[in-house]
Amino acid sequence: MARVSTPRDDLVDAAVDLLTRDGAKALSVRKLAAAVGTSTMAVYTHFGNMAGLLEAMTDEATSRLTEAVTHVPHTDDPVAEFFVVGLAYYRFAMTNPQRYELIMGTASTPQPLLDIRTDVTVTGRPTDRADRSASYDVLHGVVQRMIAAGRIRDDGCLAMTARLWTICHGAVSLELAGYFGHEGHGLTDVLGPLAVDAIVGMGDEREKTMQSLATAMELMGAQMDSPAER
C-alpha cells in the first residue's frame with residue numbers, strides 16, 4: 001500500500017531533497033518553506049526548530065535503511081545472507097549518500113541524536129532507541145546464525161558484529177568520499193574481496209564462502225566481479 005503523504009511528510013521529503021542538492025549548510029527554514037510553498041511557521045509548528053527537523057529527517061533515513069536491509073531475499077545459508085544484507089547496505093548508502101550521512105555521520109547530525117549512541121560491543125545496539133537500531137539488529141542476527149551454523153568461530157557475537165559492520169561502513173564511507181572512484185571499484189576491488197577475506201579469517205572455508213557469495217549474488221541480481229580469483 002502506497003504511503004499517504006501528510007504535510008509533515010512533504011516537509012521532510014523536501015528537506016532531504018534540499019540536503020541532497022545543496023548540502024547541509026544550505027538547508028534553512030526559509031528555503032524549506034519556499035520549496036514546499038508554505039510559511040516558515042509551518043516548519044516550526046511541525047518540528048519546533050532545525051534540530052527537530054534534522055531529527056525527523058534522520059528518522060526517515062533510518063526507516064529507509066531498515067527497509068533496505070530487511071526486505072531482501074533470505075536464504076538458509078547464513079553467510080549468503082550476510083552478503084545479501086551487506087550489499088543492500090552498500091546500495092542504500094550509494095543511492096542515498098546524504099541520508100547515510102545523517103544516520104552515520106557527525107557533521108549533519110544534531111547533538112541529541114549523537115547523545116543516544118551507545119557502545120555496540122557492550123549493548124549490541126548502536127543507539128538506545130529500538131527503532132534506530134533495527135537495521136543493526138538484522139546484521140547481529142545474521143552473525144548469530146553464522147556462529148550457530150559453525151561457519152565462523154565465536155569470538156563473542158557482539159564484537160564480531162561490530163567488526164563486520166566496521167568493514168562495511170569503512171568501505172562505504174571511503175567510497176562516498178571519492179577515494180575509490182565512481183565505477184563500482186569500491187565494491188568489486190575493495191568491499192567484496194575484503195568481506196570474503198573477513199569471513200574466511202573468522203573461520204569459514206574459502207570454497208564455502210565463495211559459494212555463499214555466488215548464492216547472494218543470484219538472490220540480489222548483483223552486477224559485480226567475483227573476487228574468487230583475486
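1. A salt bridge here is a side-chain nitrogen of Lys or Arg within 4 Å of a carboxyl oxygen of Asp or Glu. By that rule the count comes to 13 salt bridges. One to look up is Glu 81 with Arg 145, whose side chains meet at 2.8 Å, N to O. Glu 81 sits in helix H5 and Arg 145 in helix H9, so this pair ties together parts 64 residues apart in sequence. Helices are DSSP runs (H or I, at least four residues), numbered from the N terminus.

2. A word on the basis: this is a predicted model, in which local features need pLDDT of at least 70 and side-chain atom pairs count only at pLDDT 80 or more, while totals for chains, interfaces and linings use all residues. Residues are numbered from 1 along each chain, and side-chain values use heavy atoms, without hydrogens and water.

3. Now to helices H2 (residues 29-36) and H3 (residues 40-47): their axes, which are lines fitted to C-alpha atoms over the stretch in contact, come within 8 Å and cross at roughly 105°. H2 and H3 are therefore roughly perpendicular (65 to 115 degrees) to each other.

4. Which residues in H2 and H3 meet? Val 29, Arg 30, Leu 32 and Ala 33 in H2 meet Thr 40, Val 43 and Tyr 44 in H3, with contact taken as heavy atoms within 4.5 Å.

Technical notes: Axes are lines fitted to C-alpha atoms, for helices over the stretch in contact, and angles run from 0 to 180 degrees between N-to-C directions. Helices (H or I, at least four residues) and strands (E, at least two) are DSSP runs, numbered from the N terminus. Angles under 35 degrees count as roughly parallel, over 145 as roughly antiparallel, 65 to 115 as roughly perpendicular and the rest as oblique.
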